[in-house]
Amino acid sequence: MQRSFSMKSELEHLAIIMDGNGRWAKSRGLQRTKGHEKGAEVIRDITEYCSNHPTLQTLTLYAFSTENWKRPKLEVDFLMRLLDKYLANELETYCKCNVRFETIGDINHLSSSLQKRIETTKEATKNHNKLTQILALNYGSRDEITRAVNKVLDQNLVVTEENINKMLDTPYSDVDLIIRTSGEQRLSNFLLWQSSYSEFYFTSTLWPDFTPIELDDIIAKFYDRDRTFGGL
Ligand code: IPE
Ligand code: IPE
Ligand code: MG
């Protein structure tokens, strides 16, 4: 049978579940929102590091899940405002580091002003080619796969792995390495399809404390792993 998994062992696509902002703040007697603010700063450092990495092409970051709407409205509203502020501030970083900005997830449910900010940032960075940073916003894998299958059917195509793959929000590549911070060891509805042959790394470091030095160390460990993709 034709297989759609890429056989490469090079690190091209890294994805991170940025978890632990709330606990970071709580452990300091601060509001959860302070953890999110610090977490946004860490995104800049990690993106800069990734843009300088010799083989990385894509960095996908889980920023807001389809389940995160269950949080108190005040926190959700804060996260949306923070995202808007982050994109406005980080345009400079995207330009300095030659990073293209993309999103996955159903952004139609975000406010129209935020959607506009997302579109203008995508437009302003579309020719950058050192790294693609993909923010997962209102993202859930089950939602993504369901939307993809519906697109296949709408276009009267046969439901095949290849056609589903094409209709996903990330037709770019399978994920080579998924890191989750904060000690939790689950995917929480993140990249279920794309992670079929990913390597996983869980660190107890809370996202606001995560550094390029730790990332460098994790990447070194990734290269020690033997990836056989079902072969020998
Ligand atoms: C991750 O940190 C950020 C988002 C999910 C938006 P959390 O907010 O989940 O932090 P913890 O897990 O409560 O510590
Ligand atoms: C996953 O973290 C989503 C993001 C990091 C954006 P959560 O904190 O929402 O996940 P659970 O509730 O621990 O599974
Ligand atoms: Mg969490």
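Analyst: A residue is buried when its relative accessible area is under 20%, exposed when over 50% and partly exposed in between (1.4 Å probe, protein chains only). Strands (E, at least two residues) and helices (H or I, at least four) are DSSP runs numbered from the N terminus. This is a predicted model: local features need pLDDT of at least 70 and side-chain atom pairs pLDDT 80 or more, while totals for chains, interfaces and linings use all residues. Residues are numbered from 1 along each chain, chains are lettered from A and ligands numbered from 1 as written, and side-chain values use heavy atoms, without hydrogens and water.

User: Why is strand β3 largely enclosed?

Analyst: Strand β3 (residues 99-104) is largely enclosed by the rest of the structure because five of its six residues are buried.

User: Which strand pairs with β3, and in what sense?

Analyst: Strands pair if DSSP finds at least two bridges between them. Here β3 pairs with β4 (residues 131-139) in the parallel sense, over six bridges. One bridge joins E102 to I134 of β4.

User: Which residues are around ligand 1?

Analyst: Such residues have a heavy atom within 4 Å of the molecule. Among them are M18, D19, H36, A63, N68, R71 and L79. Helix α1 (21-26) and helix α2 (32-51) each supply at least two residues of this shell; α1 gives the most, three.
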